[in-house]
Amino acid sequence: MLADLHTHTTASDGVLSPEQLITSAKAAGVTLLSITDHDTISAYKSLPAYTDKDMQLVYGIELSSIWHKTGIHVVGLNIDPDCPALQSAIETQRNARRERAKTIADKLSKLGFTDTLEGAIKAANGTALGRPHFARFLVDSGQVKTISIAFKKFLGQGKPGDVRENWPALETVIAWISEAGGTAVLAHPNKYKLGNLKLQELTKDFCSAGGHGLEVISGKQEDALTSRLGTLAQQHGLLASCGSDFHQPGQSWAELGSVAALPSGCTPVWENW
Ligand code: MN
Ligand code: MN
Ligand code: MN
């Protein structure tokens, strides 16, 4: 089997539509897929009652949270999409994005840019609103030359539009996923650039808060990292998950279905589904 349990579509910041993602995942030989868009499950709306004998699709989401001032992503797998708690969680996340977008727009207007909130919302076209949409609007409206300049001068790290996200606490998003009957997975543990001790601490807190699994494999990564994360999962009694974190074709480190086998000794997240 080939499991890819972390992927994005146009419902958040991916470039393939949900249908295109399904087709590409099948072509890549994926047999167990989850679409885990940022703070939304709307991709599944266009895939009514998906069933296929060659590839199983489980409902998923990637929720943003905060742990000790560090932004932490938690993937919720095998969730019940109709659970009211999940619906209100998604609404809460949408509001947090809106509030942040308003702050970004205020900062940009102080720099002389106009209509950025409306423009960014339009650019987001119903998907999870973020800085890339401000960048796209600034370019499309002729206020900035390129996306890269927009980030370099106005939206990137340390620039006025780099507004801290107002996400809920780590334990809150784990509780949401649990309420929706899902498996809460600590996403891409290596991406937070935490030292060994900090990562241990995060994993411990994740467990105490009721988290279930650790993403032992996130896209193409070195074997040493895989075995380190496999050990971490086992030390804490966490299930092991794996996914490409695919956003768009052509990124060799995150190609659809390009997911190595989990280390032996790890219990895969799908074991009890
Ligand atoms: Mn993303
Ligand atoms: Mn992420
Ligand atoms: Mn992701």
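Modeller: The donor residues of the manganese ion (ligand 2) are spaced E-x10-H-x114-H in sequence. This is a predicted model, where local features need pLDDT of at least 70, side-chain atom pairs count only at pLDDT 80 or more, and totals for chains, interfaces and linings use all residues. Residues are numbered from 1 along each chain as its sequence is written, chains are lettered from A and ligands numbered from 1 in the order in which they are written, and side-chain values use heavy atoms, leaving out hydrogens and water.

Biologist: Which residues are the protein donors of ligand 2?

Modeller: Donors are N, O and S atoms within 2.8 Å of the metal (3.2 Å for Na, K and Ca); water is not among the atoms, so sites may look incomplete. Here they come from Glu-62 (OE), His-73 (ND1) and His-188 (NE2), at 2.1 to 2.2 Å.

Biologist: Where do His-73 and His-188 lie?

Modeller: Helices (H or I, at least four residues) and strands (E, at least two) are DSSP runs, numbered from the N terminus. His-73 is in strand E4, and His-188 is in the loop between strand E5 and helix H7, 115 residues apart.

Biologist: Is His-188 buried or exposed?

Modeller: Buried means under 20% relative accessible area, exposed over 50%, and partly exposed in between (1.4 Å probe, protein chains only). His-188 is buried, at 5%.

Biologist: What coordinates the manganese ion (ligand 1)?

Modeller: Asp-13 (OD), His-38 (NE2) and His-247 (NE2) do, at 2.1 to 2.2 Å. Asp-13 is partly exposed at 42%, while His-38 is buried at 11%. The two manganese ions are 5.6 Å apart.
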